[in-house]
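Please have the sequence and the 3D view open as you read.

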Amino acid sequence: MAKGIAALLAGAAAIALLTPSAHAQSANAQQAAQTATDQQQAEQAQTPEQPAAAGATLLDQILVVSRTGETAIDSLASVSHIDQEQLQRRMATTPNDMLLGVPGVAVQADARRVSSSINIRGLQDFGRVAVIVDGARQNFQRSDHGPQSTFYIDPELIKSVDVIRGPVANTYGSGAIGGVVLFETKDADDYLRDGETWAASATGRYESNGEGWTTSAAGAYRFNENWDVLGNIVYRDYDDYKDGGGDTVDSTGFDVLSGLLKTTIRPSENSELKLGWNGTSDDWNEVSSGTPVNDVDLEANTFTARYNITDEDKSWLDLHVNASYNKTNMEMTSLVPQNRFDPVTGLPIGLPAGSMSTFDVGTSGIDIWNTSRFETAGIAHELTYGGDWVGDHVETGGAAGGASFYTPSGKRNVSGAYIQDKLSWDWLEIITGLRYDSYKLESDVGETSGDRLSPRITVGVSPFETASLAGLQFYGTYAEGYRSPSLSETLISGNHPAGVSFPFLPNPDLKPETGKTVEFGVNYKRDDILEAGDAFRFKAAYFNNDVEDYIADVTLSAFDPTSGCPFGPGIPICVQYQNFAQAKINGFEMEAVYDAGWGYAGLSASIIDGHTISYDGERAELLTIPSSQVTAQLGLRFLEDKLTVGGEVQYNGKPKGNPIADDYTLVNVFASYQASDNFKIDFRADNLFDVKYANPLNITTSGQPPEPVFAVYEPGVTLKLAAIMRFGG
């Protein structure tokens, strides 16, 4: 595997360095002082109807997730940005499509691909990765095989995605020891052009594998220069897809209705209020042995309010106030009589058709912060300080769904406050931060709580002044993060409902996890290398993350008198979430792009390794380690940039701790033609060579001992064709 990665890295690097490519410019040094309003305007310049102006590379774009107005290339952290042009090129159907090629990031999804769990650097589920949509935390969780913590958002509604890897994101809320993924939905300005009062857009897309259609309609209206509104509705209807071996993968079809409403109000020149709603309605049948056994209905709704105000000079006041509420309701109705095990006694029971179980998860959040910019003794400061609170309210009930037997009801409140100062002087940049976290879990069986201080320090140097090396920057970081146990990890109880009977044991004595990361990185940017207007951007980092008191489920034997596992109906084992002394994860990530007048070339890579160590010193492979990946991209533009053609090659090396996974390589090609200002055609072929493969995350976590492990194979070759029509006036 190492030789394969090295060869592909070398070949793709040669392409990235030697092939001229498109639309570049140097990052503006003043961008670090821009306000959130400026950031949104920068994003709005790149829309389906208003193509990106010449001179924008992804690493030069301001991060929406940034709280100090940074670009990815100027950030002293491992961050990535995906803009709307790139999302359209990928013709994303799922979050996995949106995050293709982002180093260190993988997505675990069920066979239907609609519900997803994001993995960053081998950490996922239970809040280790904070998934945020328009400022709202997505905390839905259901104890089941496969992904534990999932979210629901349609890619058609998304304008951009920002990713922060590692616990350096301690200003974005508690628990994100793996990192943060922020999805920003579209605004009215993404459709309205200068001078227009209204605009409308319609999209139709066909996919060959699964015989699926996506239809989308959006309308935007500008009441005046200070008030606009947007509405967008998306409907997807797909049948079961075939894997690379030509076999139909059962229960992979879906039909989903999603929508977005958003209004932006600007009360004054220096203030802005955004009110939004996005939601998803989905229903499907769960299939067992080819027979539908449960009818599932899901409703997910997110409501957000975001306010920003600055002073006239954008110096002492850059205040943000975010409030959100996310509610996900899932109902499961048995379609056939089912044999289950009673959650209390463990004895067999029969459930008639029509039996129902429910999962209701509500998450409320408040996030307030301010950034003050000033100088002392020639040193520039960006002082960011704030606080946040997130509350989860979980209610489960019924008998038919199985997982409701052991997804506990309860409440969790997590809050925190932080202060961070970014100091800049000539060639030196220092970031120091401190965050305080506290949590409290409450349920019928008791409560637990805890708190902690987590520091961060980053030092960056730009030691060179020559033209060729002036854009070279080195940095080192030490950061800590703190994650409280979830309700399910702490309070899970009852008997496994189907197949075989064994009990789940609660563990109210679980300790919170503490992530401690050391990272060394390099940023490099240079313009006008081979021709006027071209640009090269490069980011790379090595990291070592030690997660103390890491939480994972373990199988206990009833024959061990010290395990606390009782003998009872079924097999003599128990499953319980327990702390390990450490999870040790290390790896390398890089991201590069060369951008010039008539095309672009990009390269990204990530190699991750990890294991757990018990308090007795026993070492075991960490089963959430994703594939090592190398992704090379190449795009060429013709006909005055109206036609773009290109492709992607991604090599995936199996995690060494996974004995079932295989190495595989995927090839995708795409073409986009802007026929007129108001009409665009997109084509894409994914998995061009029809490779049969499975996501290693789905292989390693799709079974619960002692049940057999199985693999859900991903789609084979898939052709996509889309047309976008726009109107406005």
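Predicted model: local features only at pLDDT ≥ 70, side-chain atom pairs only at ≥ 80, totals over all residues.

1. A term to start with: a residue is buried under 20% relative accessible area, exposed over 50%, and partly exposed in between, using a 1.4 Å probe and protein chains only.

2. Residues are numbered from 1 along each chain as its sequence is written, and side-chain values use heavy atoms, leaving out hydrogens and water.

3. A search of the whole structure gives 42 salt bridges, each being a side-chain nitrogen of Lys or Arg within 4 Å of a carboxyl oxygen of Asp or Glu. Have a look at Asp 134 and Lys 262, whose closest N and O atoms are 3.7 Å apart in such a bridge. This pair links distant parts of the chain, 128 residues apart: Asp 134 sits in the loop between β4 (129–133) and β5 (136–137), and Lys 262 in strand β11 (residues 254–268). Strands here are DSSP runs of E, at least two residues long, numbered from the N terminus. Asp 134 is buried too, at 3% relative accessible area.

4. Next, Arg 373 and Asp 318 meet through their side chains in a salt bridge of 3.3 Å, N to O. The two lie 55 residues apart, Arg 373 in strand β17 (residues 356–376) and Asp 318 in strand β14 (residues 318–334). Arg 373 is buried at 11% relative accessible area, and Asp 318 is buried at 3%.

Note on methods
Helix = DSSP H or I, 4+ residues; strand = E, 2+ residues; numbered from the N terminus.
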